Amino acid sequence: MPDYRVSPLVQELPATVPFVGPETQERNQGYLFKARIGANESVFGPSPNAIQAMADAASESWMYGDPEFHDLREDLAAHHQVESGNIMVGEGIDGMLGYVARMFLQPGDTVVTSAGAYPTFNYHVNGYGGKLEFVPYRDDREDLDALIQKATQLQARLIYVSNPDNPMGSWWDAQSIESITKQIPENCLLILDEAYGEFSDYSVVNLVKNNDNLIVIRTFSKAFGLAGLRLGYFVANKRFTDIFSRVIQYPYPLNSFA
């Protein structure tokens, strides 16, 4: 058999994926689910306004989308009261997590996360050779103090926190999140996954204006009912968005509907 020179890192990865789609499970089992609840999709679907906007865009799908996402970034910046330079757009939170791992990890770098937290983040860390270190949940919530302690002890490059948390549905208030941003060890980044941010009454995206160790990731997949569109973004210090532009699937990572 020919030697295709698959990298040693890829050869050592397990043949598993973090999420097996319901369609695959239905095909394997030979019957349909009565309810799709595994991926927390919004059964209410998107806003009628969003549906109309996509319908209007269909006639223009012969064009590539704007590779700089200018209008979307401007609107998101206005919504979060930051500069458009603080916004970068990509293929859902899963895609954004992959870019973050690519940007900041070298093989052997330590990453701290919670045992049982969102597995796709772990998938990307493994894919880029990072070393995962896990902290147990405490009282059904991610243990913020223990995450900081572990990251400090091991000189971690990244800390992952989901708030509100998937899968537990628990959360920390804004003051608690702001407190740990002041304790992040040197040369470490806090990756704050706010996929479910719209289900709480606050967000901490405003903190990125004064923090160069925080990346907040958001999505249109949950509250906005647009999971199939694969549209996510992160809010961060402008120097991170500048770096991001070097690794994104340029020039057309998103379709024109998104």
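**Entry 1: a helix on the sheet.** I looked up helix α4, residues 70–80, and found that α4 lies across β1, β6 (214–219) and β7 (232–236). I noted that α4 runs at about 125 degrees to β1. I am working with a predicted model.

**Entry 2: the sheet.** I then traced the strands. I read an open sheet of 7 strands in the order β1-β7-β6-β5-β4-β2-β3, with mixed pairing. I asked myself which strands stand at the edges. I found β1 (87–90) and β3 (131–135) there, and each has a single partner strand, so one side of each is left without a neighbour in the sheet.

Entry 3: I picked β4 (residues 158–162) and β5 (residues 189–193), which run parallel and are joined by 5 bridges. I looked up Tyr160 and found that its bridge partner in β5 is Ile191.

**Entry 4: helix α5.** I turned to residues 92–104, which form α5. I saw that α5 lies across β1, β4, β5, β6 and β7 and runs at about 155 degrees to β6.

I checked the length of α5 next. At 1.5 Å a residue, its 13 residues should span 18 Å, and the end C-alpha atoms are 19 Å apart, which agrees.

How many residues of α5 are buried? I found 11 of 13, so I wrote down that α5 is mostly covered, with buried meaning under 20% relative accessible area. Among the buried residues I listed Gly92, Ile93, Met96, Tyr99, Val100 and Phe104. Gly95, Leu97, Gly98, Ala101 and Met103 are buried as well.

Definitions and conventions:
Residues numbered from 1 in each chain as written. Predicted model: local features only at pLDDT ≥ 70, side-chain atom pairs only at ≥ 80, totals over all residues. Heavy atoms only, no water. Pairing = 2+ DSSP bridges. Helix = DSSP H or I, 4+ residues; strand = E, 2+ residues; numbered from the N terminus. Contact = heavy atoms within 4.5 Å. Axes fitted to C-alpha atoms, helices over the stretch in contact; angles between N-to-C directions. Expected span 1.5 Å × (residues − 1). Buried < 20%, exposed > 50% of the residue type's maximum accessible area, 1.4 Å probe, protein only.
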